[in-house]
Number of protein chains: 2
Amino acid sequence: MIAILRIGHRPDRDKRITTHVCLVARAFGASRILVDLADRELENTFNSVNDRFGEGASIETGVKWRRVIGEWKGIIAHLTMYGMELDEAVAAIKEKDIDADVLVIVGAEKVPGEVYKAADFNISVGNQPHSEVAALAMFLDRYFDGNALKDLKGKMKIIPSNEGKVVVEE
Amino acid sequence: MIAILRIGHRPDRDKRITTHVCLVARAFGASRILVDLADRELENTFNSVNDRFGEGASIETGVKWRRVIGEWKGIIAHLTMYGMELDEAVAAIKEKDIDADVLVIVGAEKVPGEVYKAADFNISVGNQPHSEVAALAMFLDRYFDGNALKDLKGKMKIIPSNEGKVVVEE
(Lines give C-alpha, C1' and ligand atoms only; values in the text may rest on other atoms or scores of the structure.)
Protein backbone atom coordinates (compact mmCIF):
# COMPACT_ATOMS: atom_id res chain seq x y z
CA MET A 1 0.00 0.00 0.00
CA ILE A 2 1.24 3.43 -0.91
CA ALA A 3 0.12 6.53 0.95
CA ILE A 4 0.96 10.09 0.00
CA LEU A 5 1.56 12.77 2.61
CA ARG A 6 1.41 16.32 1.30
CA ILE A 7 3.00 18.80 3.66
CA GLY A 8 3.29 22.56 3.44
CA HIS A 9 0.01 22.87 1.55
CA ARG A 10 -1.14 26.48 1.42
CA PRO A 11 -4.71 26.53 0.05
CA ASP A 12 -4.36 30.03 -1.44
CA ARG A 13 -1.08 29.48 -3.24
CA ASP A 14 -0.88 25.75 -3.86
CA LYS A 15 -4.51 24.92 -4.50
CA ARG A 16 -4.08 23.66 -8.03
CA ILE A 17 -0.68 22.07 -7.46
CA THR A 18 -1.97 20.09 -4.49
CA THR A 19 -5.03 19.06 -6.51
CA HIS A 20 -2.70 17.79 -9.24
CA VAL A 21 -0.60 15.93 -6.64
CA CYS A 22 -3.73 14.23 -5.30
CA LEU A 23 -5.09 13.31 -8.74
CA VAL A 24 -1.72 11.92 -9.79
CA ALA A 25 -1.57 9.87 -6.58
CA ARG A 26 -5.01 8.45 -7.39
CA ALA A 27 -4.40 7.82 -11.10
CA PHE A 28 -0.99 6.23 -10.49
CA GLY A 29 -2.14 3.75 -7.89
CA ALA A 30 -1.71 5.22 -4.41
CA SER A 31 -4.31 4.14 -1.84
CA ARG A 32 -4.40 6.96 0.69
CA ILE A 33 -3.79 10.69 0.48
CA LEU A 34 -3.08 12.76 3.57
CA VAL A 35 -2.82 16.56 3.42
CA ASP A 36 -1.62 18.63 6.34
CA LEU A 37 -3.91 21.65 6.08
CA ALA A 38 -7.66 21.18 6.31
CA ASP A 39 -9.13 21.93 2.90
CA ARG A 40 -12.75 20.98 2.39
CA GLU A 41 -12.81 22.25 -1.19
CA LEU A 42 -9.91 19.97 -2.11
CA GLU A 43 -11.68 17.01 -0.51
CA ASN A 44 -14.87 17.78 -2.45
CA THR A 45 -13.02 18.14 -5.75
CA PHE A 46 -11.19 14.90 -5.17
CA ASN A 47 -14.20 12.91 -4.01
CA SER A 48 -16.18 14.10 -7.01
CA VAL A 49 -13.51 12.58 -9.28
CA ASN A 50 -13.82 9.32 -7.33
CA ASP A 51 -17.61 9.45 -7.76
CA ARG A 52 -17.46 9.99 -11.49
CA PHE A 53 -14.39 8.05 -12.60
CA GLY A 54 -14.20 5.20 -10.12
CA GLU A 55 -13.29 4.79 -6.49
CA GLY A 56 -9.53 5.25 -6.19
CA ALA A 57 -7.56 6.57 -3.24
CA SER A 58 -9.16 8.02 -0.14
CA ILE A 59 -8.35 11.58 0.94
CA GLU A 60 -8.02 13.13 4.36
CA THR A 61 -7.03 16.74 4.97
CA GLY A 62 -6.07 18.45 8.21
CA VAL A 63 -3.82 15.63 9.40
CA LYS A 64 -1.03 16.16 11.91
CA TRP A 65 1.95 15.32 9.72
CA ARG A 66 4.44 14.80 12.56
CA ARG A 67 2.12 12.23 14.06
CA VAL A 68 1.61 10.49 10.70
CA ILE A 69 5.36 10.22 10.24
CA GLY A 70 6.01 9.23 13.85
CA GLU A 71 3.41 6.46 13.83
CA TRP A 72 4.14 5.12 10.33
CA LYS A 73 4.85 1.39 10.33
CA GLY A 74 6.64 0.87 7.07
CA ILE A 75 9.00 2.77 4.85
CA ILE A 76 9.10 6.54 4.58
CA ALA A 77 10.19 7.99 1.25
CA HIS A 78 10.61 11.72 0.75
CA LEU A 79 10.63 13.21 -2.74
CA THR A 80 13.05 16.11 -2.98
CA MET A 81 15.44 17.79 -5.35
CA TYR A 82 18.12 16.63 -2.97
CA GLY A 83 18.27 12.88 -2.63
CA MET A 84 19.22 9.50 -4.01
CA GLU A 85 18.72 8.81 -7.67
CA LEU A 86 15.21 7.48 -8.39
CA ASP A 87 15.91 4.02 -9.86
CA GLU A 88 18.50 3.28 -7.21
CA ALA A 89 16.09 4.39 -4.46
CA VAL A 90 13.18 2.29 -5.74
CA ALA A 91 15.45 -0.76 -5.86
CA ALA A 92 16.63 -0.02 -2.31
CA ILE A 93 13.06 0.32 -1.00
CA LYS A 94 12.09 -3.02 -2.48
CA GLU A 95 15.24 -4.65 -1.18
CA LYS A 96 14.57 -3.33 2.31
CA ASP A 97 11.01 -4.69 2.36
CA ILE A 98 9.03 -5.34 -0.77
CA ASP A 99 5.80 -5.77 1.23
CA ALA A 100 6.15 -2.65 3.35
CA ASP A 101 3.56 0.10 3.30
CA VAL A 102 5.30 3.13 1.82
CA LEU A 103 4.56 6.68 2.91
CA VAL A 104 5.61 9.08 0.16
CA ILE A 105 6.13 12.61 1.43
CA VAL A 106 5.54 15.35 -1.13
CA GLY A 107 6.47 18.75 0.19
CA ALA A 108 5.63 22.19 -1.07
CA GLU A 109 8.48 24.69 -1.40
CA LYS A 110 10.03 24.58 2.06
CA VAL A 111 10.33 21.28 3.90
CA PRO A 112 11.61 21.20 7.50
CA GLY A 113 14.95 19.47 8.05
CA GLU A 114 13.33 16.90 10.33
CA VAL A 115 11.52 15.44 7.32
CA TYR A 116 14.85 14.62 5.67
CA LYS A 117 15.94 12.94 8.91
CA ALA A 118 12.69 11.02 9.43
CA ALA A 119 12.74 9.64 5.89
CA ASP A 120 14.29 6.24 5.26
CA PHE A 121 14.94 7.45 1.73
CA ASN A 122 15.31 10.95 0.35
CA ILE A 123 14.69 10.53 -3.34
CA SER A 124 15.51 12.87 -6.16
CA VAL A 125 13.77 12.53 -9.52
CA GLY A 126 16.57 13.96 -11.60
CA ASN A 127 18.89 16.62 -10.25
CA GLN A 128 17.17 19.58 -11.85
CA PRO A 129 14.37 21.67 -10.38
CA HIS A 130 10.99 20.76 -11.86
CA SER A 131 7.75 19.74 -10.17
CA GLU A 132 6.55 17.63 -7.28
CA VAL A 133 3.62 16.59 -9.50
CA ALA A 134 5.99 15.08 -12.07
CA ALA A 135 8.26 13.65 -9.37
CA LEU A 136 5.35 11.80 -7.78
CA ALA A 137 4.17 10.42 -11.13
CA MET A 138 7.67 9.19 -11.94
CA PHE A 139 8.16 7.64 -8.50
CA LEU A 140 4.87 5.73 -8.72
CA ASP A 141 5.56 4.73 -12.33
CA ARG A 142 8.91 3.24 -11.35
CA TYR A 143 7.65 1.73 -8.10
CA PHE A 144 4.89 -0.09 -10.00
CA ASP A 145 7.30 -1.10 -12.80
CA GLY A 146 5.64 1.06 -15.45
CA ASN A 147 2.17 -0.27 -14.66
CA ALA A 148 1.02 2.44 -12.29
CA LEU A 149 -1.73 3.98 -14.37
CA LYS A 150 -4.88 2.41 -13.02
CA ASP A 151 -7.88 1.46 -15.07
CA LEU A 152 -10.53 2.30 -12.50
CA LYS A 153 -14.19 1.75 -13.22
CA GLY A 154 -16.62 4.59 -12.73
CA LYS A 155 -19.79 6.09 -14.12
CA MET A 156 -17.74 7.88 -16.73
CA LYS A 157 -15.20 6.02 -18.76
CA ILE A 158 -12.79 7.47 -21.29
CA ILE A 159 -12.12 5.27 -24.28
CA PRO A 160 -8.64 5.65 -25.83
CA SER A 161 -9.00 7.15 -29.30
CA ASN A 162 -6.92 9.23 -31.68
CA GLU A 163 -10.09 10.87 -33.00
CA GLY A 164 -10.87 13.03 -29.99
CA LYS A 165 -13.24 12.80 -27.04
CA VAL A 166 -14.93 9.47 -26.49
CA VAL A 167 -16.59 9.36 -23.09
CA VAL A 168 -19.05 6.69 -22.10
CA GLU A 169 -21.43 7.60 -19.31
CA GLU A 170 -23.46 4.86 -17.69
CA MET B 1 14.02 18.14 -31.25
CA ILE B 2 11.03 18.36 -28.98
CA ALA B 3 9.13 21.61 -28.51
CA ILE B 4 6.31 22.18 -26.05
CA LEU B 5 3.37 24.42 -26.87
CA ARG B 6 1.32 25.47 -23.86
CA ILE B 7 -2.09 26.81 -24.85
CA GLY B 8 -4.87 28.27 -22.74
CA HIS B 9 -2.41 29.67 -20.20
CA ARG B 10 -4.12 32.11 -17.84
CA PRO B 11 -1.45 33.88 -15.79
CA ASP B 12 -3.77 34.48 -12.83
CA ARG B 13 -5.11 30.96 -12.52
CA ASP B 14 -2.45 28.72 -14.07
CA LYS B 15 0.71 30.54 -13.07
CA ARG B 16 2.21 27.76 -11.02
CA ILE B 17 0.91 24.94 -13.20
CA THR B 18 2.41 26.51 -16.32
CA THR B 19 5.68 27.08 -14.46
CA HIS B 20 5.72 23.40 -13.56
CA VAL B 21 4.95 22.44 -17.18
CA CYS B 22 7.89 24.55 -18.37
CA LEU B 23 10.32 23.23 -15.75
CA VAL B 24 9.32 19.64 -16.52
CA ALA B 25 9.83 20.30 -20.23
CA ARG B 26 13.32 21.61 -19.47
CA ALA B 27 14.32 18.90 -16.98
CA PHE B 28 13.00 16.09 -19.20
CA GLY B 29 14.83 17.11 -22.34
CA ALA B 30 12.63 19.39 -24.45
CA SER B 31 14.48 22.09 -26.42
CA ARG B 32 11.90 24.84 -26.91
CA ILE B 33 8.94 26.04 -24.89
CA LEU B 34 6.23 28.17 -26.45
CA VAL B 35 3.42 29.69 -24.35
CA ASP B 36 0.43 31.39 -25.90
CA LEU B 37 -0.11 34.28 -23.49
CA ALA B 38 2.66 36.81 -22.96
CA ASP B 39 3.98 36.36 -19.43
CA ARG B 40 7.21 38.17 -18.60
CA GLU B 41 7.25 36.89 -15.03
CA LEU B 42 7.15 33.29 -16.26
CA GLU B 43 10.01 34.01 -18.69
CA ASN B 44 12.09 35.54 -15.89
CA THR B 45 11.45 32.65 -13.52
CA PHE B 46 12.35 30.16 -16.21
CA ASN B 47 15.45 31.98 -17.43
CA SER B 48 16.71 32.30 -13.88
CA VAL B 49 16.59 28.48 -13.57
CA ASN B 50 18.58 28.23 -16.80
CA ASP B 51 21.11 30.72 -15.40
CA ARG B 52 21.59 28.86 -12.15
CA PHE B 53 21.21 25.21 -13.09
CA GLY B 54 22.42 25.06 -16.67
CA GLU B 55 21.17 26.18 -20.04
CA GLY B 56 18.28 23.92 -21.00
CA ALA B 57 15.27 24.75 -23.16
CA SER B 58 14.53 28.23 -24.45
CA ILE B 59 11.22 29.89 -23.62
CA GLU B 60 9.03 32.23 -25.63
CA THR B 61 5.70 33.56 -24.43
CA GLY B 62 3.03 35.45 -26.36
CA VAL B 63 3.20 33.17 -29.40
CA LYS B 64 0.33 32.80 -31.85
CA TRP B 65 -0.49 29.15 -31.31
CA ARG B 66 -2.53 28.70 -34.49
CA ARG B 67 0.44 29.92 -36.51
CA VAL B 68 2.87 27.66 -34.60
CA ILE B 69 0.67 24.66 -35.34
CA GLY B 70 0.01 25.68 -38.95
CA GLU B 71 3.68 26.19 -39.76
CA TRP B 72 5.02 23.18 -37.84
CA LYS B 73 7.17 20.92 -40.03
CA GLY B 74 7.18 17.68 -38.15
CA ILE B 75 4.85 15.71 -35.96
CA ILE B 76 2.21 17.28 -33.73
CA ALA B 77 1.31 15.39 -30.57
CA HIS B 78 -1.44 16.59 -28.27
CA LEU B 79 -1.61 15.39 -24.67
CA THR B 80 -5.19 14.94 -23.55
CA MET B 81 -7.35 12.78 -21.33
CA TYR B 82 -8.94 11.63 -24.58
CA GLY B 83 -6.49 9.95 -26.90
CA MET B 84 -4.41 6.94 -27.84
CA GLU B 85 -2.66 5.01 -25.14
CA LEU B 86 0.80 6.45 -24.37
CA ASP B 87 3.13 3.56 -25.22
CA GLU B 88 1.24 2.83 -28.43
CA ALA B 89 1.38 6.50 -29.41
CA VAL B 90 5.11 6.88 -28.77
CA ALA B 91 5.77 3.78 -30.89
CA ALA B 92 3.55 5.20 -33.66
CA ILE B 93 5.36 8.58 -33.60
CA LYS B 94 8.73 6.88 -33.97
CA GLU B 95 7.43 4.61 -36.70
CA LYS B 96 6.08 7.60 -38.62
CA ASP B 97 9.38 9.48 -38.48
CA ILE B 98 11.95 8.87 -35.80
CA ASP B 99 13.89 12.00 -36.82
CA ALA B 100 10.92 14.37 -36.92
CA ASP B 101 10.74 17.44 -34.75
CA VAL B 102 7.84 16.84 -32.38
CA LEU B 103 5.57 19.62 -31.15
CA VAL B 104 3.88 18.53 -27.93
CA ILE B 105 0.74 20.51 -27.18
CA VAL B 106 -0.13 20.83 -23.51
CA GLY B 107 -3.49 22.48 -22.98
CA ALA B 108 -5.01 24.00 -19.89
CA GLU B 109 -8.55 23.00 -19.02
CA LYS B 110 -10.42 23.73 -22.26
CA VAL B 111 -8.77 22.96 -25.58
CA PRO B 112 -10.49 23.97 -28.86
CA GLY B 113 -11.64 21.10 -31.09
CA GLU B 114 -9.33 22.27 -33.88
CA VAL B 115 -6.34 21.22 -31.77
CA TYR B 116 -7.56 17.62 -31.74
CA LYS B 117 -7.93 17.79 -35.53
CA ALA B 118 -4.56 19.46 -36.14
CA ALA B 119 -2.72 16.87 -34.06
CA ASP B 120 -1.20 13.85 -35.77
CA PHE B 121 -1.57 12.08 -32.46
CA ASN B 122 -3.92 12.72 -29.57
CA ILE B 123 -2.27 10.97 -26.66
CA SER B 124 -3.73 9.98 -23.35
CA VAL B 125 -1.48 9.24 -20.38
CA GLY B 126 -3.82 6.82 -18.68
CA ASN B 127 -7.57 7.18 -18.90
CA GLN B 128 -8.08 8.90 -15.59
CA PRO B 129 -8.08 12.63 -14.95
CA HIS B 130 -4.82 13.79 -13.38
CA SER B 131 -2.37 16.49 -14.43
CA GLU B 132 -0.82 17.88 -17.58
CA VAL B 133 2.42 18.25 -15.61
CA ALA B 134 2.56 14.50 -14.97
CA ALA B 135 1.35 13.69 -18.48
CA LEU B 136 4.19 15.72 -20.01
CA ALA B 137 6.79 14.08 -17.76
CA MET B 138 5.53 10.63 -18.67
CA PHE B 139 5.42 11.41 -22.39
CA LEU B 140 9.00 12.70 -22.40
CA ASP B 141 10.17 9.80 -20.22
CA ARG B 142 8.71 7.28 -22.65
CA TYR B 143 9.80 9.21 -25.76
CA PHE B 144 13.38 9.27 -24.49
CA ASP B 145 13.22 5.60 -23.42
CA GLY B 146 13.48 6.34 -19.72
CA ASN B 147 16.52 8.58 -20.18
CA ALA B 148 14.75 11.92 -20.32
CA LEU B 149 16.07 13.43 -17.13
CA LYS B 150 18.92 15.64 -18.20
CA ASP B 151 22.10 16.21 -16.31
CA LEU B 152 22.61 19.85 -17.23
CA LYS B 153 25.63 21.76 -16.05
CA GLY B 154 25.12 25.07 -14.29
CA LYS B 155 26.55 27.24 -11.57
CA MET B 156 24.61 25.23 -9.03
CA LYS B 157 24.73 21.49 -9.05
CA ILE B 158 22.76 19.14 -6.85
CA ILE B 159 24.63 16.03 -5.79
CA PRO B 160 22.45 12.95 -5.26
CA SER B 161 22.53 12.03 -1.57
CA ASN B 162 20.28 10.28 0.92
CA GLU B 163 21.58 12.55 3.67
CA GLY B 164 19.84 15.73 2.65
CA LYS B 165 20.81 18.85 0.76
CA VAL B 166 24.13 18.77 -1.04
CA VAL B 167 24.46 21.71 -3.42
CA VAL B 168 27.70 22.70 -5.03
CA GLU B 169 27.94 26.30 -6.18
CA GLU B 170 30.79 27.29 -8.45
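Which residues point one way from E1(A), and which the other way? A:Ile2, A:Ile4 and A:Arg6 point one way, A:Ala3, A:Leu5 and A:Ile7 the other way, and all are buried. The views below come from a predicted model, in which local features need pLDDT of at least 70, side-chain atom pairs count only at pLDDT 80 or more, and totals for chains, interfaces and linings use all residues. Residues are numbered from 1 along each chain as its sequence is written, and chains are lettered from A and ligands numbered from 1 in the order in which they are written.

**View 1. Strand E1 (residues 2-7) of chain A is largely enclosed by the rest of the structure, because six of its six residues are buried.** A residue is buried if 20 or more other C-beta atoms lie within 10 Å of its own, exposed if 12 or fewer, and partly exposed in between, with C-beta atoms placed from the backbone. Helices (H or I, at least four residues) and strands (E, at least two) are DSSP runs, numbered from the N terminus.

**View 2. E1(A) pairs in the parallel sense with strand E5 (residues 102-107) of chain A over six bridges.** Two strands pair if DSSP finds at least two bridges between them. A:Ile2 stands opposite A:Val102 in E5(A), and A:Leu5 has A:Ile105 as its bridge partner.

**View 3. E1(A) also pairs in the parallel sense with strand E2 (residues 32-35) of chain A, over four bridges.** Here A:Arg6 has A:Val35 as its bridge partner. From E1(A) the chain passes through helix H1 (residues 11-27) of chain A to E2(A), a right-handed β-α-β crossover. Right-handed means that, with the strands pointing away from the viewer, the path from the first strand over the helix to the second runs clockwise.

**View 4. The open sheet of chain A has six strands in the order E3-E2-E1-E5-E4-E6, with parallel pairing.** Strand E3 (58-61) and strand E6 (121-124) of chain A stand at the edges with a single partner strand each, so one side of each is left without a neighbour in the sheet.

**View 5. The contact between the chains takes 39 residues from chain B and 39 residues from chain A.** Residues are in contact if their C-beta atoms, placed from the backbone, lie within 7 Å. H1(B) gives the most to the side of chain B that touches chain A, with six residues. The copies meet through the same surface, because 100% of the interface residues of chain B are also interface residues in chain A.

Technical notes
Two residues are in contact if their C-beta atoms, placed from the backbone, lie within 7 Å.
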